[in-house]
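The points are meant to be read with the model open.

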Amino acid sequence: MTERVARYLDGWSLLAFLLPFGLYLWCLAPSITFYDSGEFVTAVQFLGSAHSPGYPLFLLYAKPFTWLPFGNIAFKVNLATAVSAALACLGVYHLLRKVLQETEFCDDAGFSRFVLHLTALSGAFTFAVSPRLWLQSNHDKPYPLLAFISAVMLFFLLRWRENLLHGDEQPAWWYGTAFLAGLASGAHQTIVLLLPGSILFILVTAPQSIRRVREWLLSGGMLLAGGAVQLYLPLRAAADTRQNWGDTDALSRFLWHLLRKGYPEDPHSRDISLLVKQLGAFDIPHEFGWIGLLLLLIGLWACWRADRALFVYLLVTLLSFWSIIAGYFNPQPDSIFLTEEFYTPLYLLAAVVIPIGLFALAARGVGAAQRPEHYGSHHKLLMSVFFLLIPLSQLAFNLASQDQHNNYLAQDYALNTLRPLPDEAVLFTWGDSGAFPLWYLQGVERFREDIDLAHIPHLVFPWYQRELPRLAAAFKGEAATATGELVFAHLVEKLRHQRPLLMDFSTRYSLDWRKQQPAQQGMVYWVQDSPAGQQDEVSAWGLYVLHRLVPKGWQPDMDSHKALVIQAYCLLQSAEELARRGHVKEAGHLLQLAGGIMPDWQEKLKLMRQRYAIPSPAGGTDER
């Protein structure tokens, strides 16, 4: 037993885990980010349910990290993702060792062992610094956990084959693979796309296995046993927990949630250009470079020659992902980017094949060269440079865009939205990226619990209405069967004389306001005709946290850039309103703040200063 553990926890294995983990820890976001982050962290904290399909395994996996005695809850969940990403890199390392363990690199056994470890380590590093995994590692995401389980599933199949070739077939490896596939469905359901390749791997290795009905039935049973993790959803829904997306305590709602019925897409035709874009969501050159693509093809050729079962597994798995994600889902052009994360297990497999291509090239070069009397340190150094050049190049190229350790933007955006609101206000929100950080700050950090956050697209769902118990009376009547926009209008009519009603920027610019232009207050807008207690612009902006908005040491993604634009644009609006009323000094101060957030707006700010005779700042520009 001790020897078995030592085989998997030697110094090379520790490097394959600790170096990626150290990198991820350095780049880890200190709080929530945009997209689904705030919603995921809130669901983890309350052991509720995230958006469809719920992600129960990820929530259960991340929950123990929230018990750590340091950091805020968001940081701890981000840490859980970093650990799972480093484990996925360790999985690549052990897969390569298993695949290449019978392959002889040269006549020198010691040097061959060194190159084998080095090849496996290069695969772990190559995957670690690929943009997709790296991006997912620095904040809360379920896909690194999915990738790790994918690696373990393939490792189990390789172990089964190894035992079979030594005359000791153990179908328990089948059962373990099937159980992990069912369990991993709680991280994401795309794990089932690995099953066709897994079945063919078994049949290519041992065609007679097709007659083993008992083992196939038991494997199916283990698949269902692992999939029982989905029962978390109705059990937690029955507990009436907070963040109870879908309220899945009834079978119909459970299936609605599990099968992602909340995200319908209108049927649309597909031409060649759209198909190419859909298939291009799996982008090897972006992840590993064009040299990586070339080495991948060489690695596939090497697999074809030496390991047909693995080649079939890789090819069928790729076709399975493409046929379902591009073929069946048929995403429209503006939603193709949402499918890019689904290919994370395929990138793990690519990170296994690329070093195989490197290994094949190096072995051919060594075979063609004159054999030295002794393979010394300089040969090991040369091999190290050869095998680590790609991941080191990726590291240097991607570091600036992946380092998130100074990224407080989503947290500050939520803080700036909630802090100036009047007591007992109702804030209507629209976009997910604008709403989810508010959910986290209020639900997890318990900031401004006096406010009701009403997300307009969800107002039609009874489960979401129950998340807002203080609005229960207002939901009665027309709100029961209307669209989200009509429910919003119904709530405004019921509550306009009872509580302060405001909306976020996305709501302001997503709905039609022909009858009345909402009055601005900082980053939010009043819904009432005469907003009692409305603060002036200078007072509102004085409550905001603006000093950390400018990205320093990290590059904003699309939603982060939108948040910067929103805050700068709202400053611009407030400045213009002040200037119209003759408060040019105060307007100039807000313009300077806007220029600090968006330095490339200098020409726009200059025109506004000229239009309203606003004095320029001492430095001549509005950059901070």
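**Notes on helix packing**

1. In helix 2, Trp12, Ser13, Ala16, Phe17, Pro20, Phe21, Tyr24 and Leu25 meet Leu79, Ala82, Val83, Ala85, Ala86, Leu87, Cys89, Leu90, Tyr93, His94 and Arg97 of helix 5, where contact means heavy atoms within 4.5 Å. By class, this contact has 16 nonpolar, two polar and one charged residues (Ala, Val, Leu, Ile, Met, Phe, Trp, Tyr, Cys and Pro count as nonpolar, Asp, Glu, Lys and Arg as charged, and the others, Gly among them, as polar).

2. This is a predicted model, in which local features need pLDDT of at least 70 and side-chain atom pairs count only at pLDDT 80 or more, while totals for chains, interfaces and linings use all residues. Residues are numbered from 1 along each chain as its sequence is written, and side-chain values use heavy atoms, with hydrogens and water left out.

3. Helix 2 (residues 11-27) and helix 5 (residues 73-100) pack at an angle of about 150°, their axes lying 8 Å apart. The two helices are therefore roughly antiparallel to each other (an angle over 145 degrees), and the crossing of helix 2 and helix 5 is right-handed.

4. For helix 8 (residues 143-165) and helix 17 (residues 344-368), the axes come within 8 Å and cross at roughly 50°. That angle makes helix 8 oblique to helix 17, and helix 8 passes helix 17 in a right-handed crossing.

5. Tyr143, Leu146, Ala147, Ser150, Ala151 and Leu154 of helix 8 meet Thr344, Pro345, Leu348 and Leu349 of helix 17; by class, this contact has eight nonpolar, two polar and no charged residues.

Notes: Axes are lines fitted to C-alpha atoms, for helices over the stretch in contact, and angles run from 0 to 180 degrees between N-to-C directions. Helices (H or I, at least four residues) and strands (E, at least two) are DSSP runs, numbered from the N terminus. Angles under 35 degrees count as roughly parallel, over 145 as roughly antiparallel, 65 to 115 as roughly perpendicular and the rest as oblique. A crossing is left-handed if the near helix is turned anticlockwise from the far one by less than a right angle, and right-handed if clockwise.
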